[in-house]
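Here are a few exercises to work through with the model open beside you. Try each task on your own before reading its solution.

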Amino acid sequence: MTRFRYLSFLTDYGLEDGFVAACHGVGARIAPHATIIDVTHLIPPGDIRRGAIVLAQTVPYLPPAVHVAVVDPGVGTARRGVAVAAGDSVFIGPDNGLLSWAVTAAGGAARAFSLTNSKLWLSQVAATFHGRDIFMPVAAHLAADAELAAAGEEIDVGDLVTLSAPGRLVRDGTAEGEVLTVDRFGNVQLTITGADAAEIGVKAGGTVLVHCGRRQLMLPYREMFGAVASGELVAYPDSAGLVSIAVNGGNAAQRLGLPPGALVSIAAIPQTINP
Amino acid sequence: MTRFRYLSFLTDYGLEDGFVAACHGVGARIAPHATIIDVTHLIPPGDIRRGAIVLAQTVPYLPPAVHVAVVDPGVGTARRGVAVAAGDSVFIGPDNGLLSWAVTAAGGAARAFSLTNSKLWLSQVAATFHGRDIFMPVAAHLAADAELAAAGEEIDVGDLVTLSAPGRLVRDGTAEGEVLTVDRFGNVQLTITGADAAEIGVKAGGTVLVHCGRRQLMLPYREMFGAVASGELVAYPDSAGLVSIAVNGGNAAQRLGLPPGALVSIAAIPQTINP
Amino acid sequence: MTRFRYLSFLTDYGLEDGFVAACHGVGARIAPHATIIDVTHLIPPGDIRRGAIVLAQTVPYLPPAVHVAVVDPGVGTARRGVAVAAGDSVFIGPDNGLLSWAVTAAGGAARAFSLTNSKLWLSQVAATFHGRDIFMPVAAHLAADAELAAAGEEIDVGDLVTLSAPGRLVRDGTAEGEVLTVDRFGNVQLTITGADAAEIGVKAGGTVLVHCGRRQLMLPYREMFGAVASGELVAYPDSAGLVSIAVNGGNAAQRLGLPPGALVSIAAIPQTINP
């Protein structure tokens, strides 16, 4: 019996070495029926938070799968590996918070297991490559024929390491948050949701007052960056449902000097509706 | 019934976010039988012309497929999405010219449809991510069981947006053109074809006179860059049938300062044959 | 009859052009049953040695396959293409040493053939793209139904081009070697093995004396980089069984200025055991 048709795979391994391929090979040997969907392997080395964001925003569009994620600066130390059942999927990786936002997005952890059953690992385990030697083989066994409970000792889902939720606060007609992440295009994604924006009266067609650092910007708020002229700044609810700031055809993160974590607040300017 | 075994996928989404994976996931959910071949996701953001070149030069080597291409600076605006039947394949993407050269290479557009049937889309469509929410789901439905005509309203193939053909002119023993593109190795691919070169008497073993800007170069014309010494400039008919300029073991685009669009002409120097 | 379920693919083609995809397409047309595992396509252009290292360290984790590797600065010149049977796999690529370390890792060459049978090639062969026109089609035919001997003329395995083994020497309580490669994380992998280190008394928990250039370092030798504080240098036996130098959470190659080929020696300092 095969249990999962798909594996997904996210790491900070990069693409210039053979690390990702070695894991693909291990997966193929154990679960030849499975297809591996690479989420990304370009998470900046050790950036757990960035890995958690990308995983959480991507998994909702993937089929039911064993999702393997490895951004693991503590590999080989006391941090444990875990398998977490959530929704119709299983998440496998280090218990350092990397999985936590995706697990929440999938409906929350139903059960969790510490990866203590070495029968599902490769016979030799390198202390610095658990992706190849533990996480992927366990995932492939779970995709092929092993029951989740075979992964190891069951643990309390409340004991899983969880990243603090991205900060945001709506009060007095203002939504305060921070830069959650910056994508390839330089679009600046805030922790503030499109729903937050609506709640404080920021509507497509209007103007939004943005505070970031000492800077104050009045930006058009539109449904898409393409609604403003090329080279112009714009705010909009993005494809993950979060307020983003972009430059149409340009790079807003560079233009504004806004890295992840920078504090940003927004407020509506109701009188400037442009229908 | 399944209609296509393969999807191909070209974008400017980059590899550091989860955008490509989200599209793979959407495709896998709708058409689990299909294999997705990634053409590239590193088209410079918004560079439609570069996307069109890579697509047109790659598709002839791919199996019959639904080819999805998304370089879409106008996403969410009035530009329409289209599905175009050409040869034994279907091309899907924004109607901004991106598909046009590949469609021509595949034998020209037989039929075209505007993607107006929202039943083939995801149930929620983000204004800025039609790759995930419209183009890939439509493609996957066409690969699985939907007829092409289900994609939407049929349109006149003559109304499709087409990029102007790369400029080249053969006259008076000279072939005039421009730099079409530069590849990873720094090889400078011209719009001038190997057949153009032959027509004006440029033959492997001979010497070619190259004008670019104010510069005039006499280069060996060979069958391959490896025919000259390491570090030497050479012109040759490349693997796409176009005249290219390379440095054996080096980067010709950097050496010569020749970006895409730079004007270049070539002529034969018949007396310098080295058989 | 299908002979191989998997192909693997390593090149220096990069990911920004359609070169890799064209090869995938050629493989899919000839061997639609086969899955292609990409090892990496980011070998620096023409860096045969780097390609050989990555291939040799990755192949042991891949399933039995036809392994296609193309780092081929001499494409189109007199260098021949070869198919080499080793272990349960076949290796295909230019006979320039690229395959040699992986073939050794797979148990050594059992038989070898020069790729002289043009019936297994594409009907048109570009002088500069043998990956697409010769290596991948031959590999796909071998994966599908062709016998290895159909690839071409058998050659003496002793005539295959072989890269010189990475230099290392153990004597007088010192292991001398060089930097074999540097990975994405900046970890500096030496040619010295973990077994060499053990032989000269370097043990996990101890301290190792490292000479590189005029510099002399006393580093903790641990089972993993995570055993030292963040930002600290450490030596450890890595996931390929070789001694590596890392900075926990940092980039050792940058910190120490150690590129591939740099001479390094190590020795034990027995009195500083920290159990």
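C:Thr191 counts as buried, because its relative accessibility is 4%; buried means under 20% relative accessible area, exposed over 50%, and partly exposed in between (1.4 Å probe, protein chains only). This is a predicted model, in which local features need pLDDT of at least 70, side-chain atom pairs count only at pLDDT 80 or more, and totals for chains, interfaces and linings use all residues. Residues are numbered from 1 along each chain as its sequence is written, chains are lettered from A and ligands numbered from 1 in the order in which they are written, and side-chain values use heavy atoms, with hydrogens and water left out.

**Exercise 1. Find what surrounds C:Thr191.**

Step 1: Go to strand E10 of chain C, residues 188–193, where C:Thr191 is found. Helices (H or I, at least four residues) and strands (E, at least two) are DSSP runs, numbered from the N terminus.

Step 2: List the contacts (heavy atoms within 4.5 Å). Leaving out residues up to four places away in sequence, C:Thr191 touches C:Pro166, C:Gly167, C:Arg168, C:Gly177, C:Glu178, C:Leu180 and C:Leu242.

Step 3: Look at C:Gly167 again: its backbone oxygen is reached by the side chain of C:Thr191 at 2.7 Å.

**Exercise 2. Describe the contact between chain A and chain C.**

Step 1: Count the residues. Chain A gives 32 and chain C gives 27.

Step 2: Take the buried area, which is the accessible area (1.4 Å probe) that two parts lose on being put together, summed over both. For chain A and chain C this is about 2,300 Å², with 59% of it on carbon and sulfur atoms. A:Glu16, A:Arg29 and A:Thr128 supply 23% of the area that chain A buries against chain C, more than any other three residues.

Step 3: Look for a salt bridge, meaning a side-chain nitrogen of Lys or Arg within 4 Å of a carboxyl oxygen of Asp or Glu. The count between these two chains is 1, and A:Asp17 and C:Arg50 meet in a salt bridge at 2.7 Å, N to O.

Step 4: See which elements take part. On the side of chain A that touches chain C, two or more residues come from each of helix H1 (19–30) and helix H4 (130–144) of chain A. The largest share, 8 residues, is from H1(A).

**Exercise 3. How are chain A and chain C related?**

Step 1: Superpose the copies by least squares on the C-alpha atoms of residues with pLDDT of at least 70 in both. A rotation of 120° with 0.0 Å of shift along its axis places chain A on chain C, with an RMSD of 0.0 Å.

Step 2: Read off the symmetry: the two copies are therefore related as by a three-fold rotation axis. They use different surfaces, since 6% of the contact residues of chain A recur in chain C.

Notes: Polar contact = N/O pair within 3.5 Å; in protein donor to acceptor, adjacent residues only side chain to side chain.
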